[in-house]
Amino acid sequence: MAVPKRRHSPTRGRKRRTHWKLRKPGVSACSHCSSPKIPHRICPTCGFYDGEEIRMPSTE
């Protein structure tokens, strides 16, 4: 197994980890009911996609 030639400093590890970030998911408004939804997905509130009703909304 390969062995590192030199140790990494704590700063070097922290600088590498600065790119580890959570990204905010993209949210768009439904064209039918204006509720927030994930783009290119069926609206979970009204069941519409691209102006067409794909499925009936769940009533729980």
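## Overall form

For 60 residues, a compact globule would have a radius of gyration near 10 Å, but this protein chain has 23 Å. Keep in mind as you read that this is a predicted model. The C-alpha atoms fill a box of roughly 60 × 25 × 25 Å along the principal axes.

What does the chain contain in the way of secondary structure? There is 1 helix, together with 4 strands. Starting at the N terminus, the order of these elements is α-β-β-β-β.

## Surface and contacts

How much of the protein chain is buried? Buried residues account for 13% of the 60 residues. The accessible surface of the chain comes to about 6,000 Å², and carbon and sulfur atoms own 55% of that area.

Contacts tell you which parts of the chain meet. Take the contacts between residues at least 6 apart in sequence: 0% of them join residues at least 24 apart.

The protein chain carries 14 positive side chains and 4 negative ones. The centres of these two sets lie 38 Å apart.

## K37, a buried lysine

Let us zoom in on one residue. K37 sits in strand 2, which covers residues 36–37. Is K37 buried or exposed? K37 is buried, yet it has no salt bridge. The nearest side chain of opposite charge belongs to D50, 8.8 Å away. A salt bridge needs a nitrogen of Lys or Arg within 4 Å of a carboxyl oxygen.

Which residues does K37 touch, leaving aside neighbours within four places in sequence? K37 is in contact with G26, V27, S28, C30, C43 and P44.

V27 belongs to the loop between helix 1 (10–17) and strand 1 (28–29). With a relative accessible area of 54%, V27 is exposed, because the cut-off for exposed is over 50%. Not counting residues up to four places away in sequence, V27 touches P36, K37 and P39.

How far is V27 from G13 in space? Their C-alpha atoms are 33 Å apart, while the two residues are separated by 14 residues in sequence.

R23 also lies in the loop between helix 1 and strand 1. Its relative accessibility is 78%, so R23 counts as exposed. R23 and M1 are 22 residues apart along the chain, and 35 Å separates their C-alpha atoms.

## Two residues with positive phi

Next come two residues picked out by a backbone angle. H40 has a positive phi of about 65 degrees, although H40 is not a glycine. Where is H40 placed? H40 is in the loop between strand 2 and strand 3 (48–49). The relative accessible area of H40 is 65%, which means that H40 is exposed.

D50 is likewise not a glycine, and has a positive phi of about 55 degrees. You will find D50 in the loop between strand 3 and strand 4 (52–53). D50 counts as exposed because its relative accessibility is 68%.

Terms used:
Residues are numbered from 1 along each chain as its sequence is written. This is a predicted model: local features need pLDDT of at least 70, side-chain atom pairs count only at pLDDT 80 or more; totals for chains, interfaces and linings use all residues. Side-chain values use heavy atoms; hydrogens and water are left out. The radius of gyration is taken over C-alpha atoms; the globule rule is 2.2 Å times the number of residues to the power 0.38. Buried means under 20% relative accessible area, exposed over 50%, partly exposed in between (1.4 Å probe, protein chains only). Contact means heavy atoms within 4.5 Å. Accessible areas come from the Shrake-Rupley method with a 1.4 Å probe; for residues, only the protein chains shown count as cover. Lys and Arg count as positive and Asp and Glu as negative; His and the chain ends are not counted. The place of a charge is taken as NZ of Lys, CZ of Arg, CG of Asp or CD of Glu.
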